[in-house]
Amino acid sequence: MRDMSDMPRARISRKIGAIAESATLAVDAKAKALKAAGEDVIVFGAGEPDFPTPAHIVEAAEAACRDERNHRYSPTPGLPELREAIAVKTARDSGYECSPGDVLVTNGGKQAVYNAFQALLDPGDEVLLPAPYWTTYPEAIALADGVPVELPTTERTGFRVSVEQLEEARTERTKALLFVSPSNPTGAVYPRDEVEAIGRWAVEHDVWVVTDEIYEHLVFGDNEFTSMPVLVPDLADTCIVVNGVAKTYAMTGWRVGWMIAPRDVVAAAGNLQSHATSNVSNVAQRAALAAVTGDLAAVAEMRAAFERRGRRMHELLSAIPGVACMEPQGAFYCFPSFVSALDRDVAGRRPGDTLELCELVLEEAKVALVPGEAFGAPGYARMSFALGDDDLEEGVNRIAKLLG
Ligand SMILES: Cc1ncc(COP(=O)(O)O)c(C=O)c1O
């Protein structure tokens with residue numbers, strides 16, 4: 001064997017060293033640092049509801065803290081009551097019929113995404129990834145040694161991918177499609193016929209679908225959430241549904257999500273999870289149980305507030321000369337194009353891309369946006385409307401003044 005003792009060895013593995021820092025968290029950190037330094041910063045970066053978790057859910061967690069059963073390890077795939085309740089809730093909300101054994105409770109929807117790709121992909125397997133995409137998807141695919149194949153979309157097609165585009169990108173290495181509607185970061189919602197057409201295409205070509213339904217309750221106006229495996233029942237055996245309590249119940253910090261998947265996937269992902277994290281915190285699971293077995297009154301209120309704010313933000317942004325913005329159909333984000341603000345004088349500087357523009361907007365107008373580069377879409381920025389009405393008005397007005 002060759003003596004390699006004097007060869008320099010990397011401290012951090014290539015795989016982990018290649019992970020990009022989450023741009024959304026980086027913007028958040030910078031904005032918070034400015035705030036801590038006394039600056040009046042308005043933050044459009046948040047990916048979480050600005051409402052508190054409903055009281056009955058918090059009370060369930062308080063009671064769970066005092067119940068000794070919750071002080072011990074519990075089954076890796078989730079508390080049996082919670083898996084059962086998730087199956088019932090899913091049938092109630094999306095019409096997808098599954099049994100508790102098809103449910104794996106995870107540390108947030110994020111771990112469900114991670115587990116899904118770890119369970120499905122072999123090195124070199126390709127995953128079709130419509131862009132703009134949520135920052136975590138390509139990293140989770142790459143961490144599973146998969147290859148994200150980006151499919152660009154723009155506001156001209158409503159940020160929706162077509163079957164033709166999918167077919168054009170399909171190769172013999174295509175293992176899966178990542179589908180999300182309503183979408184982070186674009187706020188796009190696919191109409192029923194398009195969801196069905198994509199599901200049929202996936203079945204026909206034996207392509208798995210990882211479908212992220214985390215924003216299922218946040219749809220506005222005439223837009224309608226539809227679940228792909230409900231519209232295409234034949235997909236059930238090659239489909240992983242990702243969901244969680246974070247966005248629906250204002251519970252981002254509690255870290256409870258789940259996947260609904262065929263039994264072999266649940267078993268494989270559960271094995272992985274048994275070595276990575278064991279069970280999700282029992283107290284958080286009890287809180288999630290109260291959430292999913294309760295009514296949807298709190299989310300109806302949040303949805304109404306988000307819809308009103310989304311309309312207002314869209315109106316204000318559209319009034320800025322050169323800014324193009326699709327009206328959000330769901331979730332809580334606007335995704336305007338700032339292409340026309342690039343390569344021209346803005347406050348004595350010339351931003352060449354949206355990374356530079358967002359930095360300038362933060363420094364000069366004290367407004368934090370997440371640059372489109374973080375979502376595979378240079379030229380755009382993501383603006384969350386999960387913040388108070390006054391801040392929303394003031395923040396967009398500051399941008400208008402800066403660019404005007
Ligand atoms: C599209 C999408 N999926 C999944 C998640 C994960 O949410 P969590 O891990 O907080 O449940 C998020 C959070 O931002 C998201 O935007």
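Two strands pair if DSSP finds at least two bridges between them. Strands (E, at least two residues) and helices (H or I, at least four) are DSSP runs, numbered from the N terminus. Keep both in mind for this tour.

This is a predicted model: local features need pLDDT of at least 70, side-chain atom pairs count only at pLDDT 80 or more, and totals for chains, interfaces and linings use all residues. Residues are numbered from 1 along each chain as its sequence is written, and side-chain values use heavy atoms, with hydrogens and water left out.

**Stop 1**

Select strand 9 (residues 333-334) and strand 12 (residues 381-384). Two bridges join strand 9 to strand 12, and the two run antiparallel. Click on tyrosine 333: serine 384 in strand 12 stands opposite. Now click on cysteine 334, which faces methionine 383 in strand 12.

Valine 370 has arginine 382 in strand 12 as its bridge partner.

Together the three strands form an open, antiparallel sheet in the order 9-12-11. Strand 9 and strand 11 are at the edges with a single partner strand each, so one side of each has no neighbour in the sheet.

Are the residues of strand 12 buried or exposed? Ala381 and Met383 on one side are buried, and so are Arg382 and Ser384 on the other. Buried means under 20% relative accessible area, exposed over 50%, and partly exposed in between (1.4 Å probe, protein chains only).

**Stop 2**

Next, find the open sheet of seven strands, ordered 2-8-7-6-5-3-4 with mixed pairing. Its edge strands are strand 2 (103-106) and strand 4 (147-152), each pairing on one side only. On average, neighbouring strands here are turned by 20° against each other, direction ignored.

Zoom in on strand 6 (residues 208-212) and strand 7 (residues 239-244). They pair in the parallel sense over four bridges. Aspartate 212 has valine 242 in strand 7 as its bridge partner.

Now show helix 6 (residues 136-143). Helix 6 lies across strand 3 (126-131), strand 4, strand 5 (174-180) and strand 6, and runs at about 170° to strand 3. Axes are lines fitted to C-alpha atoms, for helices over the stretch in contact, and angles run from 0 to 180 degrees between N-to-C directions. Contact means heavy atoms within 4.5 Å.

**Stop 3: asparagine 107**

Select asparagine 107, in the loop between strand 2 and helix 5 (108-120). Asparagine 107 counts as partly exposed because its relative accessibility is 25%. What is asparagine 107 in contact with, leaving aside its neighbours within four places in sequence? The contacts are Arg255, Thr277 and Val280.

**Stop 4: two helices**

Finish with helix 4 (residues 80-93) and helix 11 (residues 282-293). Their axes come within 9 Å and cross at roughly 25°. Helix 4 and helix 11 are therefore roughly parallel to each other (angles under 35 degrees count as roughly parallel, over 145 as roughly antiparallel, 65 to 115 as roughly perpendicular and the rest as oblique). Show the side chains at the contact. Helix 4 contributes Glu81, Leu82, Ala85, Lys89 and Arg92. Helix 11 contributes Gln285, Arg286, Ala288, Leu289, Val292 and Thr293.
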